[in-house]
Amino acid sequence: MVESTSKRRLGVGELDAVVREALGVGLASSAELTEGMFNTAYRLTTVDGREAVLKVAPPADVPLMTYERNLMRTEALAFSLMAARGLPVPSVLLASDDLLLMTALRGTPWNAAALSDAERAALRRELGEIVRALHGITGDVFGYPQGPNGSTWRSAFLAMVDAVLADARRFGVELPDVRPAFAARAHLLDEVTSPVLVHFDLWEANIFLADGRIEGIIDPERAMFGDPLAELATVALFTDVDADFLAGYGRSEPFTPAEETRIALYRAYLCLIMIVEGVPRGYSGEERDAHVAFFRQKLAEYLG
């Protein structure tokens with residue numbers, strides 16, 4: 001897989017200017033963080049020893065998927081709403097349409113931590129508690145803050161699906177005709193009547209651990225307002241939802257058939273994104289081909 005064309009790098013002088021604007025001191029050192037696939041990120045240390053992380057939006061002329069436009073605004077909004085509820089997130093130091101500077105977390109990404117089964121179970125319960133609090137945050141519109149969105153969850157979600165399908169046509173990505181499968185189940189979306197904040201990228205790489213606890217959650221740039229069940233698409237990425245997470249979340253009853261179907265729709269939507277996004281980003285190679293084959297297989301499974 002090649003590096004994403006969406007990455008935009010800044011020089012040392014530009015990085016220094018950002019920290020001077022936000023913190024009033026100069027830059028001592030910087031290091032690019034290479035784990036992310038969309039934005040460029042830097043870990044910055046100031047001359048007085050403070051550490052921060054800077055995210056840089058893609059260049060203006062890079063082709064993006066519809067929902068990827070203005071993601072910095074969405075991330076800053078989500079961080080603000082989450083911080084107001086006391087959730088573990090970095091503090092935003094500076095935000096604009098193409099830059100987001102935040103305090104650095106000191107811990108380790110969950111996916112890089114060596115954990116025992118007992119430690120993992122406790123952390124999954126803690127994550128469930130955090131997500132339950134997250135889903136106490138509501139908005140005024142369904143869908144993405146920057147669009148697509150709508151006055152109902154059904155209209156917003158179908159518009160989100162249509163946008164990905166339009167992106168696929170724009171980027172020359174062949175997809176099966178999935179509209180009938182979504183349309184046939186769309187009435188189930190009407191069960192969702194409150195636009196709840198959903199992170200929608202809560203896989204382990206976006207959760208930092210320190211001292212045996214969850215230190216912080218990052219990268220809510222793909223956050224939306226909709227069905228809390230949509231969170232399970234990434235909280236339980238391509239796998240069943242575990243009992244520990246559900247216990248922390250406070251859910252003891254099994255999912256209804258309608259809820260199971262809605263979860264499958266959200267996972268199918270995620271598969272569509274994963275299939276399409278690699279083309280404008282310039283991904284290629286055997287690894288990319290294997291990923292796309294997997295996502296296509298899971299897409300068929302979820303819509304079946």
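Which residue in β3 stands opposite Thr40? In this predicted model, the answer is Val56. Let's start with the sheet around that pair and then look at the helices and a few single residues.

Strand β2 covers residues 40-46 and strand β3 covers residues 51-56; the two run antiparallel and are joined by six bridges. They belong to an open sheet of five strands, arranged in the order β1-β2-β3-β5-β4, with antiparallel pairing. From one strand to the next, the twist averages 20 degrees.

Which strands stand at the edges of this sheet? They are β1 (27-33) and β4 (92-95). Each has a single partner strand, so one side of each is left without a neighbour in the sheet. As a reminder for when you look at the strands on screen, side chains in a regular strand alternate between the two faces of the sheet.

Helix α2 spans residues 71-84. It lies across β3, β4 and β5 (99-103), and it runs at about 30 degrees to β5.

Glu75 is part of this helix. Is Glu75 buried or exposed? Glu75 has a relative accessible area of 0%, so it counts as buried, the cut-off being under 20%. Leaving aside residues up to four places away in sequence, Glu75 touches Lys55, Leu100, Met102, Asp219, Pro220 and Glu221.

Arg9 sits in the segment before α1 (12-23). With 40% relative accessibility, Arg9 counts as partly exposed. The side chain of Arg9 makes a polar contact of 2.9 Å with the side chain of Glu32.

Pro58 is 49 residues away from Arg9 in sequence, and their C-alpha atoms are separated by 8.9 Å.

Strand β10 (residues 207-210) pairs with strand β11 (residues 213-217) in the antiparallel sense, over four bridges. Within this pair, Ile207 stands opposite Ile217.

Ala205 lies in the loop between β9 (196-198) and β10. Its relative accessible area is 17%, so Ala205 counts as buried. Which residues does Ala205 touch, not counting those up to four places away in sequence? They are Pro109, Asn111 and Ile218. The C-alpha atom of Ala205 is separated by 7.8 Å from that of Ala112, a residue 93 places away along the chain.

## Where α4 meets α8

Helix α4 runs over residues 153-170, and helix α8 over residues 257-281. Their axes come within 9 Å and cross at roughly 25 degrees. That angle is under 35 degrees, so α4 is roughly parallel to α8. The crossing of these two helices is left-handed.

Which residues of α4 meet α8? On the α4 side they are Trp153, Phe157, Met160, Val161, Val164, Leu165, Asp167 and Ala168. From α8 come Leu265, Tyr266, Tyr269, Leu272, Ile273 and Val276.

Key: Residues numbered from 1 in each chain as written. Predicted model: local features only at pLDDT ≥ 70, side-chain atom pairs only at ≥ 80, totals over all residues. Heavy atoms only, no water. Buried < 20%, exposed > 50% of the residue type's maximum accessible area, 1.4 Å probe, protein only. Polar contact = N/O pair within 3.5 Å; in protein donor to acceptor, adjacent residues only side chain to side chain. Contact = heavy atoms within 4.5 Å. Pairing = 2+ DSSP bridges. Axes fitted to C-alpha atoms, helices over the stretch in contact; angles between N-to-C directions. Parallel < 35°, antiparallel > 145°, perpendicular 65-115°, else oblique. Left-handed = near helix turned anticlockwise from the far one by under 90°.
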